[in-house]
Amino acid sequence: MADGHDGTTSGETAGTVVESHASTAPSSGVAVERADRIANPGFRPERLRVTDLDPAKERQAERTVSGLFLLSVAGSVLAVVAYVAFPIVEGEPNSIRLNNLFLGLGITLGLLGIGIGAVHWSKALMHGHELVEERHGTRGSDDTRAKAIEVFQAGNAESGFTRRRLVRNTLIGALVATPIPAIAIFRDLAPAEDPVALLKQTMWKEGVRLARDPSGTPIKASEVTIGSAFHVIPEGLSELESHKLEEKAKAAVLLMRLPLDRLNERDDRKGWSYDGIVAYSKICTHVGCPVALYEQQTHHLLCPCHQSEFDVANHAEVIFGPAARPLPQLPITVDEEGYLVAQSDFAEPVGPSFWERAL
Amino acid sequence: MSKRIETDRTMHSTSPASTRRAGRRHPLAAASLLVVGLLATGGAYALATTSATAETTTASAQLVEEGGKLFAANCATCHGLQAAGTAAGPSLIGVGALAVDFQVGTGRMPAAASGPQAEVKPVQFTQEQIDAMGAWVAELAPGPAVPPERYVSGDGDAALGAQLFRINCAMCHNVAGAGGALTQGKYAPSLAGVDPVHVYGAMATGPQNMPVFNDLNLTPEEKNDIITYLKYLEQNPSVGGFDLGALGPVSEGLFIWIFGLGGLVAVTIWLTAKSN
């Protein structure tokens, strides 16, 4: 920029038209006033409104404003009428809809009529001449400032805040102590036990039967036909005294049966399925949404939140989307009565990554 | 039934006979009457049932034959003449009459073109023809049959149906049954206005990429509860007013970003503009 303007450094190369100035590189701190600056155009001439020029238009605007206020009155009356005319009848959800709709329309009309009327009044009818009001400094006058200091000093003298040190210091101590109960209370919102253990363990353990959600009835292997998908909770979840939802959120499992020739298993996990029946955690390894959009022909599981896709036929590996790890597999087998049972808990923590997660 | 009545009569007639030993009836009269009665009712019953079975056998044989012809003409190109499947279409052995009723009854089959998913289109056959093809396919191997009326009546427990729907169906079909997207062009269709038999058929047979929910997973009564819930949704509009297609945060977010924020911008411009 500077080079182009002063013309000394860019040089007067042939063919270029450069207006040559004397070396005018300003020293710092000097205001530069350019000769070719654009003149301040000032304010545009004031445009008068139609209501200023034409008395007929003014009367019309007046009528519009009072009309809007009358509309507001009508709206308020309508709200009362609607409340009586469309009562909420127990057992009829549609009556709530009608009641809300007409009550809301009435109140909306009541409020909007006042608001729009008032704005239109001020815009079209109230004094509309433009004027310039200079900005004033924020610093108060010396008198005001002296008065303020005087007030502070008088307060200090009367209360003895600086003189009575014991009172002042105990007050500061009391103020410091007040947030302590909050810390104690809010600390209790966090789990009392080690949260890492809680995140790593679920209700599943050796011999726990796989049960239907929500009835809690156990599932026999023979009931899971090819192409089936069962939504599974551990047996005994419904009988839990407390933390039922927390346990369900960790232990929820999707049970699917694939044709044996389609199932590709890891060598060390060959014994984790039963006759093509596989069980995978329903909690997405991305941010923990329930993954249950199962396509029985492609054997893909889709997470509805961020479109992570898992291939159930291929040990639930991630084939698309932001999930970082495959879904944890629940090792299953059958007990002597033919019911599906877990061999153990999940081998890894379910759900999204967390700070202390080892894998 | 008739046997018990006969026995009752016998008891009534024997007791007076035994008290008045020198009666006009022979002591064996009651016993012989019983034998005659039993033979008569039994014979009549046997005759009636045989003729009835014979009639239904001929009727279903005709239906199967008719279905076989329709299948050969309309389906065999992709599914093979014996429905054993080809590269273009899966085997239909063991899918049952209900799968045929769903696929053909909703117009998905015969498919117009191969694609990610067979689309719903105008139904190509009459219900009789569909039933005939179903009978032929059911004849190949046992499979789910068309459910009796009481399982598709929609007079079950809507609350339980809603719970089952949320657990088993809502992740794909949306909690209000509005449908949703799946992977690579596939989608779960909207369930509004779908015939209850077809809803039942989809659950029982698992068409295309939908998983199977057999009768041991969701019992026929539970399937009816789900149908009841879907009917309830259709008959009771959203209590909260406009449901914007019940698609959830997508349509609601789009609405508030365009109309909510747009409205705010318009009001702001109007407030600050000078009146003309």
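## Strands of chain A

Strand 2 (residues 229-234) of chain A pairs with strand 3 of chain A in the antiparallel sense, over four bridges. One facing pair can be named: Val232(A) stands opposite Val253(A) in strand 3 of chain A. This is a predicted model.

Strand 3 of chain A also pairs with strand 4 (residues 277-281) of chain A. Five bridges join these two strands, and they run antiparallel. Here Arg257(A) has Ile277(A) in strand 4 of chain A as its bridge partner.

## Inside strand 3 of chain A

Strand 3 covers residues 253-257 of chain A. Five of its five residues are buried, so the strand is largely enclosed by the rest of the structure.

Val253(A), Leu255(A) and Arg257(A) point one way from strand 3 of chain A. Leu254(A) and Met256(A) point the other way. All are buried.

## Helix 6 against helix 9 in chain B

Now to chain B. The axes of helix 6 (residues 158-168) of chain B and helix 9 of chain B come within 7 Å. They cross at roughly 100°. That makes helix 6 of chain B roughly perpendicular to helix 9 of chain B.

The contact residues divide into eight nonpolar, two polar and two charged. From helix 6 of chain B they include Leu160(B), Leu164(B) and Phe165(B). Helix 9 of chain B brings residues including Glu222(B), Asp225(B), Ile226(B) and Tyr229(B).

## Helix 8 against helix 9 in chain B

Helix 9 (residues 220-235) of chain B also meets helix 8 (residues 196-205) of chain B. Their axes come within 10 Å and cross at roughly 130°. That makes helix 8 of chain B oblique to helix 9 of chain B. The crossing is right-handed.

Pro196(B), Val199(B), Tyr200(B) and Met203(B) form the helix 8 side of this contact. They meet Lys223(B), Ile227(B) and Leu230(B) in helix 9 of chain B. By type, the contact has six nonpolar residues, no polar ones and one charged.

## Where chain B touches chain A

The two chains also meet. In this contact, 24 residues of chain B touch 32 residues of chain A. Helix 6 and helix 7 (170-173) of chain B each supply at least two residues of the chain B side. The largest share, three residues, comes from helix 6 of chain B.

The chain B side divides into eleven nonpolar, twelve polar and one charged residue.

Notes: Residues are numbered from 1 along each chain as its sequence is written. Chains are lettered from A and ligands numbered from 1 in the order in which they are written. This is a predicted model: local features need pLDDT of at least 70, side-chain atom pairs count only at pLDDT 80 or more; totals for chains, interfaces and linings use all residues. Axes are lines fitted to C-alpha atoms, for helices over the stretch in contact, and angles run from 0 to 180 degrees between N-to-C directions. Angles under 35 degrees count as roughly parallel, over 145 as roughly antiparallel, 65 to 115 as roughly perpendicular and the rest as oblique. A crossing is left-handed if the near helix is turned anticlockwise from the far one by less than a right angle, and right-handed if clockwise. Two residues are in contact if their C-beta atoms, placed from the backbone, lie within 7 Å. Ala, Val, Leu, Ile, Met, Phe, Trp, Tyr, Cys and Pro count as nonpolar, Asp, Glu, Lys and Arg as charged, and the others, Gly among them, as polar. A residue is buried if 20 or more other C-beta atoms lie within 10 Å of its own, exposed if 12 or fewer, and partly exposed in between; C-beta atoms are placed from the backbone. Two strands pair if DSSP finds at least two bridges between them.
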